[in-house]
Amino acid sequence: MAGATGILPIIVAIIIFSIIPSEIEARTKLYTTAVVHDHHENPTNTISPFQDDFCKSTVESKGYSCQQHQVTTEDGYILGLQRIPVGRSGKQADKPPVLLQHGIFSDGVTWVRNSPEESLGFILADNGYDVWLANSRGTVYSRGHQSLTPNDPDYWNWSWDELAAYDLPAFIQYVHDQTGQNIHYVGHSLGTLMAFAALSEDDNVSSKLRSAALLSPIAYLNQIRSLLTKAAAYLFLGDQLYWLGLHEFIPKSQEVSKLLGNICSKPGINCSDILAAFTGLNCCINSSTIDVDPQSTATRNLIHLAQMIRKGTIAKYDYGNADENMKQYGKPTPPLYNMSSIPNNFPLLLSYGGKDELSDVNDVSVLLEKLKDHEQDKLVVQLVENYAHLDFVMGVNANKVVYNPLMDFFGLH
Ligand SMILES: *[C@@H]1O[C@H](CO)[C@@H](O)[C@H](O)[C@H]1NC(C)=O
Ligand SMILES: *[C@@H]1O[C@H](CO)[C@@H](O)[C@H](O)[C@H]1NC(C)=O
Ligand SMILES: *[C@@H]1O[C@H](CO)[C@@H](O)[C@H](O)[C@H]1NC(C)=O
Ligand SMILES: *[C@@H]1O[C@H](CO)[C@@H](O)[C@H](O)[C@H]1NC(C)=O
Ligand SMILES: *[C@@H]1O[C@H](CO)[C@@H](O)[C@H](O)[C@H]1NC(C)=O
């Protein structure tokens with residue numbers, strides 16, 4: 001561990017010095033593509049055709065009913081939300097609603113991708129919960145906006161600050177209005193960060209939630225182990241894309257592949273298994289379910305995450321200069337989110353993995369230290385030694401290892 005930490009600055013230095021010529025070439029290409037890139041999307045408040053497909057091919061095909069909903073955020077984004085109101089038995093849900101919030105590069109399908117016995121979305125429905133699958137802005141199910149299209153740079157002018165301040169409260173308010181009940185929350189990865197931020201700042205969120213189960217928790221990121229991710233953060237890759245005009249970050253685009261290729265060719269970074277290089281080695285994923293299309297996010301969101309990796313704080317987006325920060329926040333540095341201000345009696349379950357290279361055990365320890373005044377019987381912490389980042393949502397044994405204890409926890413609140 002200490003050895004790996006010591007070698008990292010050297011690796012980063014090597015990358016910085018050796019990447020420059022190829023970087024210039026990449027920039028030229030990026031710019032050209034950015035201008036040409038065009039989805040022909042219009043401002044829309046109709047239900048995305050992809051939503052239909054979500055219900056038909058991933059939910060109804062497995063014997064469950066599926067409803068499509070849409071939610072408009074205070075800043076005008078129109079988001080898709082799927083509901084599985086009953087389990088396969090057809091028996092009306094007799095337990096509270098559960099809102100499932102996916103992580104970055106992902107969408108609501110992540111909760112229903114495996115078999116009904118293995119997928120949290122289906123397991124909850126079969127156990128009598130009313131299941132709601134959220135899709136963050138920018139994913140294929142949530143590309144509507146009252147006045148913008150995804151071709152407008154302004155559409156992508158957000159980071160997880162906005163996911164926490166707008167998307168999450170909008171989903172919670174909507175499910176609360178529809179069901180008349182308080183809600184259990186499940187977040188994975190960026191879905192946990194959204195919850196930490198919202199719970200620490202917004203009483204309207206904690207007051208409508210019964211509890212939150214946070215899998216692969218992300219709050220402090222400076223001890224992240226994924227060298228690939230760390231190198232990308234220290235190279236300011238997100239910032240480079242942004243200044244080149246690439247506001248939408250499309251994971252499988254040529255531009256991104258090229259930049260990744262550059263990092264992967266550096267000594268010390270092994271991308272032979274790109275997923276493992278990013279998330280850590282997942283022990284328990286069925287290789288036949290892995291082939292998924294990663295979803296877009298805002299380049300600005302990645303810049304914000306990279307700031308967390310470099311600074312070790314959980315703070316609002318840093319505009320990079322004191323004047324602009326002053327204009328936005330009334331102070332020269334971005335305000336911190338205060339994890340200790342999450343209500344001490346709010347029921348929290350944190351489940352994290354010993355092999356997770358994004359949600360590192362040491363970073364989770366820092367978070368737990370901030371939560372040290374949380375009421376003992378309102379905080380459940382689980383370490384799954386052999387789990388990496390994606391095992392929590394796609395692991396074939398997650399039903400026994402994580403979801404059963406999670407439902408026990410829900411049952412208490
Ligand atoms: C992005 O939004 C901020 C406010 O959050 C605004 O000050 C800024 O001008 C916007 N940037 C662009 C490029 O529109
Ligand atoms: C909470 O809800 C009230 C009433 O709708 C609203 O006035 C207030 O601004 C909300 N607080 C936050 C932090 O959004
Ligand atoms: C890279 O990782 C793979 C397994 O993921 C391993 O087989 C290979 O030997 C590694 N290469 C280097 C140079 O360490
Ligand atoms: C892996 O996925 C395949 C195809 O969906 C399925 O047939 C198989 O049973 C799965 N294996 C496990 C252990 O879930
Ligand atoms: C964070 O919140 C806690 C609990 O409300 C408070 O005691 C503490 O002073 C806050 N810390 C900062 C830096 O504002």
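Why does Phe 105 count as buried? The reason is that Phe 105 has 20 C-beta neighbours inside 10 Å, and a residue is called buried if 20 or more other C-beta atoms lie within 10 Å of its own, exposed if 12 or fewer, and partly exposed in between, with C-beta atoms placed from the backbone. The structure discussed here is a predicted model, in which local features need pLDDT of at least 70, side-chain atom pairs count only at pLDDT 80 or more, and totals for chains, interfaces and linings use all residues. Residues are numbered from 1 along each chain as its sequence is written, while chains are lettered from A and ligands numbered from 1 in the order in which they are written.

The protein chain holds 15 helices and 11 strands; helices (H or I, at least four residues) and strands (E, at least two) are DSSP runs, numbered from the N terminus. Of the 413 residues in the protein chain, 45% are buried. Two residues are taken to be in contact if their C-beta atoms, placed from the backbone, lie within 7 Å. Among the contacts in the protein chain with a separation of 6 or more, 79% join residues 24 or more positions apart.

Next comes the annotated site. In an unreviewed entry, UniProt places the feature "active site" at Ser 189, Asp 356 and His 389. These residues are spread over 201 residues of sequence, yet they cluster in space, with a largest C-alpha distance of 10.7 Å. UniProt positions are given in the numbering used here, feature names are shortened, and annotations may be inferred rather than shown by experiment. Ser 189 sits in the loop between β6 (183–188) and α5 (190–201), and it counts as buried because it has 27 C-beta neighbours inside 10 Å. Beyond four places in sequence, Ser 189 touches Gly 103, Ile 104, Ser 216, Ile 218, Leu 358 and His 389. His 389, for its part, lies in the loop between β11 (379–384) and α14 (391–394). With 28 C-beta neighbours inside 10 Å, His 389 is therefore buried. Its contacts, leaving aside neighbours within four places in sequence, include Ser 189, Ser 216, Asp 356 and Leu 358.

Ser 216, a contact of Ser 189 and of His 389, deserves a look at its backbone. Most residues other than glycine have a negative phi. Ser 216, in contrast, has a positive phi near 55°. Ser 216 belongs to the loop between β7 (209–215) and α7 (227–234) and is buried because 29 C-beta neighbours fall inside 10 Å. Phe 105 from the opening question also has a positive phi, of about 65°, although it is not a glycine. Phe 105 is located in the loop between β3 (97–101) and α3 (120–126).

Two helices show how burial can be arranged. In α5, 11 of the 12 residues are buried, so this helix is largely enclosed by the rest of the structure. The buried set includes Leu 190, Met 194, Phe 196 and Leu 199. Elements covering the buried residues of α5 include β3, α4 (160–179), β6, α6 (203–206) and β7. From its first C-alpha to its last, α5 reaches 17 Å, close to the 16 Å expected at 1.5 Å a residue; the expected span is 1.5 Å times one less than the number of residues.

Helix α13 (residues 361–370) has Asp 363, Val 364 and Leu 367 as its buried residues. They cover an arc of only 100° around the axis, which puts them on the same side of α13; the arc is that of the directions from the helix axis to the C-beta atoms. Asn 362, Ser 365 and Glu 369 are exposed on the face of α13 turned away from its buried side. The cover over the buried residues of α13 includes β10 (348–353).

Another buried position is Arg 300, in helix α11 (residues 299–311), which has 22 C-beta neighbours inside 10 Å. Arg 300 and Gly 238 are 62 residues apart in sequence and 7.1 Å apart in space, C-alpha to C-alpha.

Finally, two ligands can be described by their surroundings, a residue being near a molecule if its C-beta atom, placed from the backbone, lies within 6 Å of it. Asn 270, Ser 272, Asp 273 and Ala 276 surround ligand 3, whereas Asn 286, Ser 288, Thr 289 and Val 396 lie around ligand 4.
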